[in-house]
4 protein chains.
Amino acid sequence: VTRAVWQSAESESPDADVMAFLAGEDVVMDRALFVHDIRATRAHVGGLMRIGVLNANDARALEAGLDALADEHAKGTFVLDARFEDGHSAIEAYLTAKLGDAGKRVHTGRSRNDQVLAALRSFARASLETLTATTLAIARALLARVDAIGSAPMPGYTHLQRAVPSTVGYWLAGLAESFVDDAELARATWSWLDASPLGTAAGYGVNLPLDRDGVARDLGLSRLVLNGVAAQNARGKAELAALNALGAALLDLRRFAWDLSLFTTEEFAFVRLPDALTTGSSLMPNKRNPDVVELMRAAYPRCAGAQVEIASVLSLPSGYHRDLQATKAPFVDAMTKGLAALALGPLVVRGVTINAEKMRAAINADMYATDRAVEAAAAGTPFREAYRAIKSDVGNASGRTPEESLAARVSPGAHAAPRTEELRARLDALASVLATNGN
Amino acid sequence: VTRAVWQSAESESPDADVMAFLAGEDVVMDRALFVHDIRATRAHVGGLMRIGVLNANDARALEAGLDALADEHAKGTFVLDARFEDGHSAIEAYLTAKLGDAGKRVHTGRSRNDQVLAALRSFARASLETLTATTLAIARALLARVDAIGSAPMPGYTHLQRAVPSTVGYWLAGLAESFVDDAELARATWSWLDASPLGTAAGYGVNLPLDRDGVARDLGLSRLVLNGVAAQNARGKAELAALNALGAALLDLRRFAWDLSLFTTEEFAFVRLPDALTTGSSLMPNKRNPDVVELMRAAYPRCAGAQVEIASVLSLPSGYHRDLQATKAPFVDAMTKGLAALALGPLVVRGVTINAEKMRAAINADMYATDRAVEAAAAGTPFREAYRAIKSDVGNASGRTPEESLAARVSPGAHAAPRTEELRARLDALASVLATNGN
Amino acid sequence: VTRAVWQSAESESPDADVMAFLAGEDVVMDRALFVHDIRATRAHVGGLMRIGVLNANDARALEAGLDALADEHAKGTFVLDARFEDGHSAIEAYLTAKLGDAGKRVHTGRSRNDQVLAALRSFARASLETLTATTLAIARALLARVDAIGSAPMPGYTHLQRAVPSTVGYWLAGLAESFVDDAELARATWSWLDASPLGTAAGYGVNLPLDRDGVARDLGLSRLVLNGVAAQNARGKAELAALNALGAALLDLRRFAWDLSLFTTEEFAFVRLPDALTTGSSLMPNKRNPDVVELMRAAYPRCAGAQVEIASVLSLPSGYHRDLQATKAPFVDAMTKGLAALALGPLVVRGVTINAEKMRAAINADMYATDRAVEAAAAGTPFREAYRAIKSDVGNASGRTPEESLAARVSPGAHAAPRTEELRARLDALASVLATNGN
Amino acid sequence: VTRAVWQSAESESPDADVMAFLAGEDVVMDRALFVHDIRATRAHVGGLMRIGVLNANDARALEAGLDALADEHAKGTFVLDARFEDGHSAIEAYLTAKLGDAGKRVHTGRSRNDQVLAALRSFARASLETLTATTLAIARALLARVDAIGSAPMPGYTHLQRAVPSTVGYWLAGLAESFVDDAELARATWSWLDASPLGTAAGYGVNLPLDRDGVARDLGLSRLVLNGVAAQNARGKAELAALNALGAALLDLRRFAWDLSLFTTEEFAFVRLPDALTTGSSLMPNKRNPDVVELMRAAYPRCAGAQVEIASVLSLPSGYHRDLQATKAPFVDAMTKGLAALALGPLVVRGVTINAEKMRAAINADMYATDRAVEAAAAGTPFREAYRAIKSDVGNASGRTPEESLAARVSPGAHAAPRTEELRARLDALASVLATNGN
């Protein structure tokens, strides 16, 4: 165990149990943040050099040291563990061990309070970019299936009861549109977080003319969180907004997983999952279970739990409190796991086999009742009267076919007027933004 | 009790207990949505006329009927209650009673499924506008206090322990910046919801060439939710995003309320609340309690609970399910109460009396230690060495004053370089957007 | 608006908006607590008389006044509304208006702080009794169906995939056992709350030798919450425990509702709901929707949200804070609505029609694979080898019938050894406790 | 990676990414459950021997093998990792590798579905015992401080405002009573979980006359979960009840931590934390921060988040679904961390130094107003009139002392009649139950 940065040479280390309680998991969580912390530290070094607090030699040495640390961390030769009080201290300890006095200068003008804010914001923004890209990838995979098999008729359900004829393409294009919405939410949240907290120190600034604007620019951020109280008050709030965007995507994944779980029952038998997405039972030789789909359905809860966990910390006066550390684990863990579940989305979309015959056969005569009522309304009967007339004669739809019903579904966005090009345009616009300035 | 829209003349009414379970509170909740439902219905009528499903006379009669209904509802002469299955049915029932066949035509080409989505989106957007305006008003009230008394020194705290000298203005400006962040989040969420679900019917469109684009335009929305599956999947997700924005503001209100609760203790005695914001005890004649501030601190929980309540519903396959009704009450109730708590914000900001002497007196000599360490670092001592040297001599700060410490705090955003004009520019930009196109 | 109990004659009323914020909904919520508050006040009056603070005449007058108030409240001639600061003040105001000085004596030695604790505890205990009785009633209704149609074979599912033959009775008896578990949890929670907070005053006792033990006895409580700090710290914690018990029952209701929602699809068609439990669509004449079942499925979320809402308040130092008022509405509302949803349980259990033919037909040959593997294991083949052998020959189950499979299911609790009498014994034991000392 | 138990020799392994998604963290979580799984497996082996499915030699070999595995796992020579699909499979794989056919027999008549239920229940019960013991230990530590320094006067607060004179002992005894309540809740929950799910197999029993009663007895459980549907429906519900008990204790820990956080500010300065419970700042040499107390305050959120995460999974039809795996990590993690935070409780209670002078000095003359009003009421003035009279003369309490006020506080449970022996009796009764039959 290294001496904590705030300990004097002679001071006693706190009780080992207490230190374990304080630091243990936090250091492990800091692994996910470490690359972001190193990156922010590198920007801070540049800023210190520009205001003359570091000379060029020290600055270059520190930058090289930080690059080496990032490299060793990536390779696994440097392990962030309970030797260190936290990831922030580890950076200073590493640089000091390697570079001596230059290392002892790196923390000039900053506090772990703004250091963790900078690392978390960098992690959040990177995660939101991944979220944007992943939801777009799911949408694209869905639209590819729409192109291939979109016109196959299937029942449209409400209340899990057969309602009107629909198509495989309408189902999947709807999900695609949902995921594009999610991508836009992720991007909007990314933009909302486009401000640098680095340089607010412990929450009250410092007596140095820090080049905060330059540091922000190096971190790809377009403005400053000016005030340290505001920077601290954003702790948790930023995380909740990022998880709100993640949750939106996971809720759509949950809906899709529910559809598949239902449609892959023997009773529906509308879809079949590939072997790679099913498992067996330890007791029952006949089982073939859709575990992957079920765990995708169960991916949202981690996000919901993390939001509550973070918010439950946030009943505090202004300024930093150690309680805030307890917002880190749920944020990093939920984001990591949520993105992992979404990452399997395109694989699942591509892997599902559609049983078009079963689907078409499930469209029965009652399901034309709405068409008939609307036709009568268009022809002049007041709708409510047409509705009641057909209700008492609901199965009398002789000769109608799903295809005819679908061809007449001309309301904008419906089967006969899907305007999918508008959805593709939104998707492409966002993809091109990601490609050019995504960071 | 009126007959449900879907009941035929001869059909038995469901059991009264069952109907109460199904409808009771929902109809009451629909009161908050009613004006939005009427507005969306008016737009739908215009659309039906443009495609020839309604003639001009019927359309004009329906529009007048809807205006009359809105008026009666506002005056309280029309009461939405358990006579009706829900607010949607009440509109059709009212119009049919008043206008006969024209009323029976109003529901042509739509379903309560898209009707409630339209009303909810309109309510959400209006609420987000109010949220934007209210958080800006709080920020403005805070900045007015900053202008008036901002330079008064007070301790800056971390961990509730005295850290470094700060000012009243720095504290309040930080809160102002937080509320401007919140206003921007509210606005971004409003923009994300800028799409019309009306015309997706029960989730699968209809066999009519509805003028959805025109209807959207009349509702102040710039594009369509194209696909009905996407429209249904957005149920709950939209509400969660709106509550995420509300929650951000309420979390800042909670921080501010905590500060006041703490600062108004006799031990701190930094601020005094006006009589209008305190109450007494039923038992203890000496008490003067900050109840208003405490209930502002307790305003966030309703929002947190509502988010969990809504999300807890959202484990469903695609399409409409009656379960979704259970997302309505928490959304409407949490939004209404959260906005009410925020609305008192400016009153509280303006009402607080600052005890500048007490605050200044709480700044002790130890609190200059950071200044001294950073000064030494700027002069060449490696920061960590300077830190350790001062740690063992922490009280030796003879002659330093809060004012000198604050004058030297030149890092951007800190006391001596607050750049408040940048914050005001963000505030003014958003206020001017609200004024011009805020619907 | 009446003057608040703590206001002096000359004091200004707080701002009307502020008073509305403070009191508005709370007074409405107090309606559900009012009968409990009156009951606890009556017990307090008895205690004051026994220690000589009230003479017998005053005590009798107050008791009669409280009975009259309860009566008027029940009849609706006394309405608890925003004229009063809260329900507690309303009682004193009513008694003072009616009885003069005697009314001004009723609050001697207590505070609204312990008064609300007493009323909430009484409400919680009564609710838990209802919860116990209702879950037992559901269990009894389920067991009646088991007796009637229990032996009908149906597929047993895991992962929504057909697993092994089972029966309708096994499904319903399992749910019955779950609801008996829930009843026992409700009762255990009731017992945990068997202590009286009344007499802790504002949290620090009073300078009177209150007969707290006698008051507790009159309230049907067997011991005291001794310490006022403990009494305050239980606020919210008691509510969370009661909602934990409610939630357990609602989660089982949710499972049952999911089963019915699934089994009533046309694809499964295992059950049919009676007309009284279904509704129609405003657009689609053919629809017959299981709305009641869906809203039962959606009853748990209110409870989940309330738990989070209450817990979100509970980050406070010891002692009373006005924040705690914000725990009242979610508790009362969630409990009331949750019990209402459960109350429909027996109706639904009795109303469902079983389609035994459809169920039996869904048992296919693969589903005997487990029987075959276990048979081979019992005959000496290592189980894992038997499992693998049958896995590659899974459909080869010629001649087996569901009835044979079920007759051989002899593990304790399974179809051929259900030991339902043990479950009935638990049910009866609890019912008899309720009948005798259920307060 | 070992072959999954359900895979045939020839079958392809699922995609590696997919397997990682399915198994990764679950296997790690199973580490905490492993000892419980081994224990339950040992009981299962005994049961199989008694019904003749295993001969005595095989049974003895398996028991020895399980003991060896437990031992290797404890020593770290056997590591549960991603080589195995889950902990359950690892046991069979280990035994088969070591013992051949005997190992392949161990899974006869059970499924991973009931195996995980058994392990989870064993973990839950053991955790609830620890919770009971830990909360009692905190209560005992608090009462020891009451004995030592209990009579020191301090202000009693409501709304964080000074209310009436109180004592250190009253504050700490109140917390002790709260923790005894928590211990009783933990114990009641432990009793509610006193039933064995082992032997319900995949949820439908098996065609073997398993000795479930004997197995339950060996596991220290007094009855069976009879029905497999009930066993599955208890998944998550049992976890939520256990976390409800944990949460109650953590909420009291939170209250206590808040008290300390407040009382250790320089403004209150009522208590001082020992060096072992404070840390420093990376930037500010003067800081001495109560991080341990702050993290104790922040321990509840993990529990709150876990409850929501688990409940968010539980919207499923009856029977096992892979989704349920997602309830495991939050349960095990929240329980482990919550117990760790509580375990530091006695250390903190013992470590706090009380500044009795500061506390006594904070009692001002206004705080006798309640005593005076109640005295007047006892002497015959209607209480509300006495209250109002004193309200206008609140500071006029010449000559009163805290000691006199406290000596007169004779309501049962208050300072002059604490009846602490009743609390000690509850504490001792529970401790003695734990000592004798605490499993």
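Two residues are in contact when heavy atoms of theirs lie within 4.5 Å of each other. In this predicted model, that rule decides which residues belong to an interface. Of the interface residues of chain B, 100% are also interface residues in chain A, so the copies meet through the same surface.

Begin with the pair formed by chain B and chain A. Chain B is superposed on chain A by a rotation of 180°, with 0.0 Å of shift along the axis and an RMSD of 0.0 Å. This is the relation of a two-fold axis.

The contact between these chains involves 106 residues of chain B and 106 residues of chain A. About 9300 Å² is buried between chain B and chain A, and carbon and sulfur atoms give 54% of that area. On the side of chain B, the residues that lose the most area to chain A are Tyr204(B), Leu226(B) and Arg255(B), which together account for 10% of what that side buries.

Polar and charged groups also meet here. Twelve salt bridges are found across the interface of chain B and chain A. In one salt bridge, the side chain of Lys237(A) meets that of Asp252(B), with 2.4 Å from N to O. The interface of chain B and chain A also has 56 residue pairs in polar contact, with both residues at pLDDT 80 or more. Sorted by class, the side of chain B that touches chain A holds 49 nonpolar, 28 polar and 29 charged residues.

Now turn to the pair formed by chain B and chain D. Chain B can be laid on chain D by a turn of 180° and a shift of 0.0 Å along the axis, with an RMSD of 0.0 Å. Both copies use the same surface, since 100% of the contact residues of chain B recur in chain D.

In this contact, chain B supplies 44 residues and chain D supplies 44 residues. The area buried between chain B and chain D is about 3800 Å², with 53% of it coming from carbon and sulfur atoms. Within chain B, the residues that lose the most area to chain D are His159(B), Glu267(B) and Pro285(B), and together they make up 19% of what that side buries.

Four salt bridges are found across the interface of chain B and chain D. A salt bridge joins the side chains of Arg162(B) and Glu267(D), at 2.8 Å from N to O. Across the interface of chain B and chain D, 22 residue pairs are in polar contact, both residues being at pLDDT 80 or more.

Several elements of chain B give two or more residues to the side that touches chain D, including the strands β1 (153–158) and β2 (161–167) and the helix α9 (237–263). Helix α16(B) gives the most to that side of chain B, with five residues. The residues of the side of chain B that touches chain D comprise 21 nonpolar, 13 polar and ten charged.

Gly46(C) is part of helix α1 of chain C, which covers residues 16–50. Is Gly46(C) buried or exposed? The cut-off for buried is under 20% relative accessible area. Gly46(C) has 7% relative accessibility, and therefore counts as buried. Gly46(C) and Leu62(C) are 16 residues apart along the chain, and their C-alpha atoms are separated by 9.6 Å.

Definitions and conventions:
Residues are numbered from 1 along each chain as its sequence is written. Chains are lettered from A and ligands numbered from 1 in the order in which they are written. This is a predicted model: local features need pLDDT of at least 70, side-chain atom pairs count only at pLDDT 80 or more; totals for chains, interfaces and linings use all residues. Side-chain values use heavy atoms; hydrogens and water are left out. Copies are superposed by least squares on the C-alpha atoms of residues with pLDDT of at least 70 in both. Buried area is the accessible area (1.4 Å probe) that two parts lose on being put together, summed over both. A polar contact is a pair of N or O atoms within 3.5 Å; within protein, one must be able to donate a hydrogen and the other to accept it, and residues adjacent in sequence count only if both atoms are side-chain atoms. Helices (H or I, at least four residues) and strands (E, at least two) are DSSP runs, numbered from the N terminus. Ala, Val, Leu, Ile, Met, Phe, Trp, Tyr, Cys and Pro count as nonpolar, Asp, Glu, Lys and Arg as charged, and the others, Gly among them, as polar. Buried means under 20% relative accessible area, exposed over 50%, partly exposed in between (1.4 Å probe, protein chains only).
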